[in-house]
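Subject: Structure handover

Hello,

Here is the structure I promised to pass on. Please open it first, then read the notes below.

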Amino acid sequence: MIDLRSDTVTKPTESMRVAMVDAVVGDDVYEEDPTVNDLEEYTAELLGKEAALLVTSGTQGNQIAVLGHCNLGNEVIMEQESHLFHYEGAAISAFAGVQPRTVLGDRGFIAQAELEAAIRSEDVHAPETGLICLENTHNRHGGAIITPEQTKEMTDVAKRYGIPTHLDGARLFNASVALGVDIKELSEPFTSVQICLSKGLGAPIGSIIAGDKAFIKKARKWRKRLGGGMRQAGVIAAPGKIALTSMVERLKDDHTHAQFIAKAVEEIRGLSVGNQVDTNIVLLDTTQLSCTAQEFVNHLYTAGVKANTFGPQTVRLITHKDLSQVEIEKAIDTLRQVASYFEMEA
Ligand code: TLP
């Protein structure tokens with residue numbers, strides 16, 4: 001099977017597995033796991049923040065951020081297509097007792113005027129805007145990059161209004177590598193940042209949230225409340241450190257593969273690419289075929305390729321480290337075959 005469903009399917013490398021076996025560990029709830037402490041210090045420095053905290057997943061990191069920044073009854077501004085809004089089971093409402101205020105951005109970027117319009121003014125009837133959440137790269141906008149200039153424009157607005165900002169940077173390294181900029185330029189302007197170790201970077205488990213010391217102290221408490229105090233978590237932190245020190249540059253290969261797929265798809269009758277391919281995500285538009293995205297995905301599966309639907313006529317493909325050039329070419333052949341099957345039906 002060729003698995004293009006997500007970069008979350010990547011398996012740990014041999015050196016990650018060795019590092020897990022050899023990790024020096026302690027009880028991280030007592031803050032005594034040296035491997036975790038080292039990873040947290042390293043990541044804080046990397047992201048330009050005072051402190052950092054290892055958490056179980058991207059979802060837990062985002063939720064801890066909302067819990068840490070907001071009060072009950074707050075409103076959280078987020079981009080309409082954000083992961084936080086679509087894929088976290090309404091956890092912000094279930095756990096933090098806040099409501100989402102969605103704003104449709106331009107590939108994840110919300111211009112100053114729209115952002116300002118969404119911020120609540122003092123009114124007895126209205127919720128207070130407790131947090132602004134952004135996402136880079138932007139998953140549902142097809143791995144779209146938010147540039148340092150766009151980042152500054154949005155975070156400057158928030159600063160002017162005294163509202164904290166959180167960045168869902170599950171794939172932030174993809175953005176920094178594609179732009180050729182230091183990741184700090186994309187992370188530093190935010191009050192807090194979440195990055196995933198377990199996507200394109202290939203670690204088996206874990207995310208890290210970073211912010212100032214006071215925020216991370218609060219976050220540590222929220223992590224414990226949520227059952228995320230992980231004891232000998234050095235076995236997770238050790239491959240996480242390898243992810244950050246030796247797996248970042250190779251994300252460029254994933255981007256090259258995504259470009260390769262996108263170019264080939266433009267030559268396939270009935271299929272088109274639905275996004276500007278900035279990083280490792282390609283969205284296929286199936287509207288010209290006589291099938292739904294789900295039917296297309298079902299046929300791909302039968303022919304040996306796994307993909308996810310992303311809408312009634314949208315299929316998402318994600319490239320990652322466990323796919324070779326040969327497998328990418330095979331996947332393109334399969335896309336061609338399945339598209340031609342539904343073309344004939346049309
Ligand atoms: N995204 C997954 C699915 O949940 C959709 C994927 O396959 O893309 N933020 C962003 C931008 C994400 O894409 C994801 C995972 C998360 C947060 C959540 O991370 P995890 O899965 O570690 O909770």
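What radius of gyration would a compact globule of 346 residues have, and what does the chain have? The rule puts such a globule near 20 Å, and the chain has 21 Å, which agrees. Please keep in mind that this is a predicted model.

**Overall build**

The C-alpha atoms fill a box of roughly 60 × 55 × 35 Å, taken along the principal axes. The secondary structure comes to 14 helices and 13 strands. Buried residues make up 55% of the 346 residues.

**Salt bridges**

The count is 18 salt bridges.

Start with Arg171 and Asp7. Their side chains meet in a salt bridge, at 2.9 Å from N to O. Arg171 lies in the loop between strand S6 (165-169) and helix H8 (172-179). Asp7 lies in the loop between strand S1 (2-3) and helix H1 (14-22). The pair therefore ties together parts that are 164 residues apart in sequence. Are these two residues buried or exposed? Arg171 has 5% relative accessibility, so it counts as buried, the cut-off being under 20%. Asp7 is buried too, with a relative accessible area of 0%.

Next, look at Arg220 and Glu40. They form a salt bridge, with the closest N and O atoms 3.7 Å apart. Arg220 lies in helix H10 (residues 213-225) and Glu40 in helix H2 (residues 34-47), so this pair ties together parts that are 180 residues apart in sequence. Glu40 is buried, with a relative accessible area of 5%.

The last pair is Asp322 and Lys321. Asp322 forms a salt bridge with Lys321, and the closest N and O atoms are 2.6 Å apart. Asp322 is partly exposed, at 32% relative accessible area.

**A charged patch**

Now turn to the surface. Where is there a patch of negative charge, and which residues gather in it? The patch is on the surface, and its residues are Glu149, Asp182, Glu185 and Glu188. Glu185 is found in helix H9 (residues 183-187). Glu185 has a relative accessible area of 43%.

Best wishes

Terms used
Residues are numbered from 1 along each chain as its sequence is written. This is a predicted model: local features need pLDDT of at least 70, side-chain atom pairs count only at pLDDT 80 or more; totals for chains, interfaces and linings use all residues. Side-chain values use heavy atoms; hydrogens and water are left out. Patches are made of residues with over 30% relative accessible area and no salt bridge: like charges are joined within 9 Å, nonpolar side chains (Val, Leu, Ile, Met, Phe, Trp, Tyr) within 5 Å. Accessible areas come from the Shrake-Rupley method with a 1.4 Å probe; for residues, only the protein chains shown count as cover. A salt bridge is a side-chain nitrogen of Lys or Arg within 4 Å of a carboxyl oxygen of Asp or Glu. Lys and Arg count as positive and Asp and Glu as negative; His and the chain ends are not counted. The place of a charge is taken as NZ of Lys, CZ of Arg, CG of Asp or CD of Glu. Helices (H or I, at least four residues) and strands (E, at least two) are DSSP runs, numbered from the N terminus. Buried means under 20% relative accessible area, exposed over 50%, partly exposed in between (1.4 Å probe, protein chains only). The radius of gyration is taken over C-alpha atoms; the globule rule is 2.2 Å times the number of residues to the power 0.38.
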